[in-house]
Amino acid sequence: MDIVAPRYTSYVPLGDLTPSPGNPKRHEIERLIESITTHGFLDQSIVDERTGHVIAGHGRREALIEMQARGSRLPDGLLVDDDGGWLVPVQRGWSSRNDLDAKTVIIKLNRLTEAAGWDPRSLAEYLEDLATGDAELFDSLAYSDEEMEQLLRRVDPETLPGGSPDASELDGLDDAVSAGFTDSGDNERAVSTCCPACGHRFAPGQ
């Protein structure tokens, strides 16, 4: 018996992806480019079959267009057509009922990813592993000093794998986090770095 998949992946020319008019979501294109360059193209765009417009993946589309214009290498996960154009994997098969339905989905797909927030302890453990194991990958997350300080106020470092029972070290966590970053505004690392969970200071890459 033949089964028709209600959702399927199709590779389409990058230039054929049409954004939804007036899409309200802003994007940090340089961070998207860094992510695609480092990890490949992971998250497919979604096209509304009724309108032919993109309803999810506007930022990734913009990032790929910019990368192609800069002459970047083909990201992992994309294909090339006979003319050298980039072919992008897109989720197909969904149709909106009307324009209001399409606008709701555009907003909802973005809102749902941010609604639940993060589990602070699990996040701190992940960040600790990254900060002590690969400072470059940790930097690519672009956490600000304020965000790190807020996280540390919610997590007891003693309960983490790299935590320290020394109370004097725990008292200085906020200062250590701030001291581990420069004030350039782009999260550039200083000569020494502070582990986001345990407060240990180390040279990036160690």
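This is a predicted model: local features need pLDDT of at least 70, side-chain atom pairs count only at pLDDT 80 or more; totals for chains, interfaces and linings use all residues.
1. At 68% relative accessibility, R97 counts as exposed (over 50%; buried is under 20% and partly exposed lies in between, with a 1.4 Å probe and protein chains only). Its salt-bridge partner is D101, at 3.4 Å from N to O (the term needs a side-chain nitrogen of Lys or Arg within 4 Å of a carboxyl oxygen of Asp or Glu). D101 itself is buried, with 12% relative accessibility.

2. Numbering starts from 1 along each chain as its sequence is written, and side-chain values use heavy atoms, with hydrogens and water left out.

3. The structure holds 8 salt bridges. One of them pairs R60 with D43, whose closest N and O atoms are 3.5 Å apart. R60 sits in helix 2 and D43 in the loop between helix 1 and strand 3, so the pair ties together parts 17 residues apart in sequence (helices are DSSP runs of H or I, at least four residues, and strands runs of E, at least two, numbered from the N terminus). R60 is buried at 18% relative accessible area, while D43 is partly exposed at 44%.

4. R121 and E125 also meet in a salt bridge, and here the N to O distance is 2.1 Å. They are 4 residues apart in helix 4, which means that about one helical turn separates them. Both ends are partly exposed: R121 has a relative accessible area of 35% and E125 has 21%.

5. Now the strands. Strand 6 (residues 86–94) is mostly covered, with 7 of its 9 residues buried. Strand 1 (residues 8–13) runs antiparallel to strand 6 and is joined to it by 6 bridges (two strands pair if DSSP finds at least two bridges between them); V12 has V88 as its bridge partner in strand 6. Strand 3 (residues 45–48) runs parallel to strand 6, with 3 bridges, and I46 stands opposite Q91.

6. Strand 5 (residues 79–80) is antiparallel to strand 6 and has 2 bridges to it, with V80 partnered by W86. These two strands form a hairpin with 5 residues between them, and G84 in the turn has a positive phi of about 90°.

7. The largest pocket holds about 1800 Å³ of space. Of its 43 lining residues, K25, R31, L32, T113 and W118 lie nearest its centre. Among the elements that give two or more residues to this lining are helix 1 (29–39), helix 3 (99–115) and helix 6 (145–154). The lining divides into 19 nonpolar, 14 polar and 10 charged residues.

8. The second largest pocket has a volume of about 240 Å³. It is lined by 15 residues, with S20, P21, D99, K103 and I106 nearest its centre. Strand 4 and helix 3 each give two or more residues, and helix 3 provides the largest share, 5 residues. By class, this lining has 6 nonpolar, 5 polar and 4 charged residues.

9. Pocket terms: on a 1 Å grid over the protein atoms alone, a pocket is an open set of points where a 1.4 Å probe fits, with protein on both sides within 12 Å along at least five of seven lines, and lining residues have an atom within 4 Å of a point. Points are joined across faces, edges and corners, and volume is the space filled by probe spheres set on them. Ala, Val, Leu, Ile, Met, Phe, Trp, Tyr, Cys and Pro count as nonpolar, Asp, Glu, Lys and Arg as charged, and the others, Gly among them, as polar.
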